[in-house]
Amino acid sequence: MSTAGTGTDAGTGAAAGAPEPGSEPEAGPGAAPSGPPGPPPGPAITTSGLTKRFRGGQLAVDDLGLAVPRGAVYGFLGPNGSGKTTTIRMLLGLIYPTRGSVSLLGEPVPGAAARVLPRVGSLVEGPAFYPYLSGRANLARIDAADRTADPRTAAARIDAALDRVGLLSAARKRYRAYSLGMKQRLAIATGLLRPRELIILDEPTNGLDPQGTREVRGLIREIATGGVTVLVSSHLLAEVEQICTHVGVMRTGRLVFQGTLDELRSRGSNRVVIRTAQPGEAAATLTALGLADIRSADGEVSAQLADQSPERICRELVLAGVGVAGLDTPRPNLEDLFVGLTGEGFDVDG
Amino acid sequence: MSTAEATAVPAAGGARPADQLARTPGAVPGWLRLFRSELRLVFRRLRNLALLAALAALPVLLGIALRLAAPRGGGGGDAGSSFISQLAGNGVFLAFIAITLMIALVLPLAVAVVSGDSVAGEAGMGTLRYLLTVPVGRTRLIAAKYAAIVVFGLSACCVVVAASLATGAALFPIGPVTLLSGNTVPLGQGLLRVLFVTLYVAAAMAALGAIGLAVSTFTEHPIGAIATVLVLAVVSEIADNIPQFAAVHPYLPSHWWLFFDSLLRTPILTSDLLHGLLSFGLYAVIFCSIAWARFTSTDVTA
C-alpha cells in the first residue's frame, strides 16, 4: 500500500508512507518556509486501519486502507450507506476516526489539517450555503474563512471560479433562487477558489439532469488533466467508468476492491461464449477442460473462463469435432462486477 | 515528516506556491477578515436587523406611553418606579427605564437569537462543513463567532439607549440629572453614566451570549438552541426572585443584571458593579470553554 517512492525526496528522510496519527503538532504559521517545488511525494491519499464506530455502536467504516495515487481520478464506489461519506468526512477532518490514520498529500489529518486542507478542494454531501446571500457573497464568505488566501485577489479568484462552473451570470442572484444544478456547481466552485493538488467530490452529480451531469463530468476531466488528483464518490457506474482511472469499492464499511479500472474488469468472472449447433458436445468438451458454471441455451454454450485461454478452448473444441460458429469473451459489465462485489442492491446495505 | 515536504507543491495543476505561502504568516489580517465576514453575516441578516429595529421601536413606544401617562405618575416595581418619577423632569431617564424593562426579556431574546443560531445555524444549513474543510480552524471559528455575538449584544444595548435618549429628548425636558442618591450632576456627566450603564449591560449580555454559544455547539437546530438560552435566562430570573433560593442568588447568571443602578448613585457603589462584572466574566470564560471543548472535539455530521 505504501509506495516505495519515499527515498526520492530531498535528503530529509521524509517518510511519505502512512504517518503515525497525531505525530504532527498543528503547524504554526510560517513553519513551512517556501522552498523549491520538489517532486510529488508519495500517494495523494492513504489511510491505514481507518475505523469509525459511531456512538450508537454502529460500525460505519471498518479497517479501511485507501491508497489513491497522485494524478489519479479515483472512483469511490459503494451503495448508499456503505461508509463513503463517513470516510470522506474523516479524510477532511470533519469526523475523528475511532482508530487508524489518514494521510492527505503526505500530511496527517486531522493533526496537520490546517496546513494540508488549503491544498485540497472538496464538496461534501451536497451543496450547503446561506440562502439569503448571493452566489458571489457565499464564495466570498468561504474565501474569508481561509486564512491562507490572499484577500487582494479574492474578487478575481471568486469570479474565475464562478466562471469556470458557468455561474458568472448568476453571481448576484440569491442562492435561494438557484436551481439544484446551479447549487451543485456553486459547491464545486468552492473547490476551485484557488489551485489545489487534490479535489474530493462526494456525489457531485447527485440530482443533476443529464446536461448537468455531463458538465460536471467535463469539469472533473478538465481538473484532472491539470495533474490534480481527484477522488469522486458516486454510485453512478457509467459516470465512474467514463472518467476514472482507479476504483475503490466499499461495502458495509469495508473496502472490497481497490485498483485500476482494468484490474477491476480483469477480476470479473470472464466468460467464454461459444455459438454452436452441437451444444451437448461443446458442453462435454468444456467440462473435460475443467471449466465451471457451464450453461447452454439456444445454440449457445457459456462457461466461466477462469485461467484458460480462449485459443486453447477453441482448439480443443475443434479437435473434439464441435463446429464452432463463433467464440467470444465479452467484456465484463461494470455493473455486474459492482453488484458482485457489493451485493444485491444499492439501498439494502445499512 | 519534513517541513520541506509540506511546501513541496507540484508545478502541475497551476499551483502558485510562493503566492500562497507568502500569505501564511499573515494570520492577523486573516483573522480580521473572518471576523468581518461574521459581522456581515450577523448584521446583514434580515431577521437580526428586524430584531434591532424592534429594540429601537420599544423605547419610542415606551416614551410615548409614559408621556401620555405622565400627569398621573408611574406605579409598581422598585427600580422602575423611581426612574419613572424622575422621567417627568428629565428625558435621560427614559434610557434607564427602557433598559430596566428590556433587560428582563427583550435584550436576552435578541442575544439568544444570535448566539443560539451561531453554530447551530451553520450546522443546520450545512455551511459548517464547508467552513471547516476550507479549513477555517475550529478554534478560530468559535472565537470569531463569539466576538460577533459580543458586538451584536453591544449594538443591541446601544440601539436601546440611543432610541431612548432621542425619544426622551423629544418628549421630555433635558437637563442636569438628579441621581437616585438625591444629588444632581450636570447633563454631560449624566450622559457619561448612561454610557457606563450601556457598557455594563452589554457585558451582561456578552455573558449570556457565551451561554448561547455553548448551547449552540450541542445541536443542529438553531430554534432549539435559541429557546434553550431564553428559557435558561428566564428560569434564572425567576429563581432570583424566590427568597428561598437566596443562597444561590449571587451565582445566577441574571442576578447582577439590574445592579447597573449602582452607577446612578454618588458615590458609585463599585463593589456591586465589580461583583457583577466578575460574575459576567466567569460566565463568559466558563461557557466559552465549554463551547470550545465541545466544538473542537465533536464530529461534524451535518
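The expected span is 1.5 Å times one less than the number of residues; helices are DSSP runs of H or I of at least four residues, strands runs of E of at least two, numbered from the N terminus. The model is predicted: local features need pLDDT of at least 70 and side-chain atom pairs 80 or more, while totals for chains, interfaces and linings use all residues. Residues are numbered from 1 along each chain as written, and chains are lettered from A.

Buried residues of α12(B) include B:Gly276, B:Phe280, B:Tyr283, B:Phe287 and B:Phe295 (buried: 20 or more other C-beta atoms within 10 Å of the residue's own, placed from the backbone).

Chain A has 11 helices and 15 strands, and 46% of its 350 residues are buried. Of its contacts between residues at least 6 apart in sequence, 70% join residues at least 24 apart (contact: C-beta atoms, placed from the backbone, within 7 Å).

In chain A, the axes of α3 (residues 135-144) and α5 (residues 180-190) come within 10 Å and cross at roughly 30 degrees, the axes being lines fitted to C-alpha atoms over the stretch in contact, with angles from 0 to 180 degrees between N-to-C directions. That makes α3(A) roughly parallel to α5(A) (under 35 degrees).

Methods:
A residue is buried if 20 or more other C-beta atoms lie within 10 Å of its own, exposed if 12 or fewer, and partly exposed in between; C-beta atoms are placed from the backbone. Two residues are in contact if their C-beta atoms, placed from the backbone, lie within 7 Å. Angles under 35 degrees count as roughly parallel, over 145 as roughly antiparallel, 65 to 115 as roughly perpendicular and the rest as oblique.
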